[in-house]
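Visitor: I would like a close look at one single part of this structure. Please pick a residue and walk me through its surroundings.

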Amino acid sequence: MIAETPITDIAARNYIEQQMFRYARATDWLETERHRDVFVTDCVFASPHSGDMHGVDAVVDWMNRVLPQFEATQHHIGNISITFTDDDRATAVSYVRAWHRYRDHDKADMVLWGEYHDVWVQVDGTWRIAERRVLEAGIEPRRGGGHARWSAGRPGAGRCLVGTG
């Protein structure tokens, strides 16, 4: 028997998923100020390329520095799993495939496969990212760097992801 999910949980899940897609569009359309609509002011963001950043201003500044080197990007988000830890807090794991075309056409396109590990909070009725950690499962073209992070304690444990430490 499948347990019933309250309508409020379904609405919250949908809102969080839409926020995930807003993040991708803000990144891909170079509308970096729109990240302020997705993250809380005192957020934490970390990726293999950025290290740990604290605060939405740091996220927007980093995006403004990094994204202009690309002619185009496209972030696909899927396999979304959301767990509510209380009425105003949730964790989520989603898969990402992020394609990047450099303005310098001598550089090969870069494609990242990875996962977003998020903490979401509801602030004034709006779900926002309090913490996002980007884990890298693979990248093309292949490169050195990063270090292994084993994903213990969850389905697929034993799989190696590259993380930020």
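Guide: Start with a term. A residue is called buried when its relative accessible area is under 20%. Keep in mind that this model is predicted.

Now take His 75. Its relative accessibility is 13%, so His 75 counts as buried. His 75 sits in strand β3, which runs over residues 70-86.

Next, look at the neighbours. Leaving out residues up to four places away in sequence, His 75 touches Ala 24, Thr 27, Asp 28, Val 96, Arg 97, Ala 98, His 100 and Tyr 116. Pick out Asp 28 from that list. The side chains of His 75 and Asp 28 make a polar contact at 2.6 Å. Then find His 100. In sequence, His 75 and His 100 are 25 residues apart. In space, their C-alpha atoms are 8.8 Å apart.

The largest pocket has a volume of about 320 Å³. It is lined by 20 residues. His 75 and His 100 are both among the closest to its centre, along with Ser 47, His 49 and Trp 62. Several elements give two or more residues to this lining: α1 (7-28), β1 (39-47), α2 (56-66), β3, β4 (89-102) and β5 (110-123). Strand β4 provides the largest share, four residues.

Finish with the classes. The lining of the largest pocket has 14 nonpolar residues and six polar ones. It has no charged residues. To sum up, His 75 is buried, contacts Asp 28 through its side chain and is one of the residues closest to the centre of the largest pocket.

Notes:
Residues are numbered from 1 along each chain as its sequence is written. This is a predicted model: local features need pLDDT of at least 70, side-chain atom pairs count only at pLDDT 80 or more; totals for chains, interfaces and linings use all residues. Side-chain values use heavy atoms; hydrogens and water are left out. Buried means under 20% relative accessible area, exposed over 50%, partly exposed in between (1.4 Å probe, protein chains only). Contact means heavy atoms within 4.5 Å. A polar contact is a pair of N or O atoms within 3.5 Å; within protein, one must be able to donate a hydrogen and the other to accept it, and residues adjacent in sequence count only if both atoms are side-chain atoms. On a 1 Å grid over the protein atoms alone, a cavity is a set of points where a 1.4 Å probe fits but cannot get out, and a pocket is an open set with protein on both sides within 12 Å along at least five of seven lines; lining residues have an atom within 4 Å of a point. Grid points are joined across faces, edges and corners, and a volume is the space filled by probe spheres set on the points. Ala, Val, Leu, Ile, Met, Phe, Trp, Tyr, Cys and Pro count as nonpolar, Asp, Glu, Lys and Arg as charged, and the others, Gly among them, as polar.
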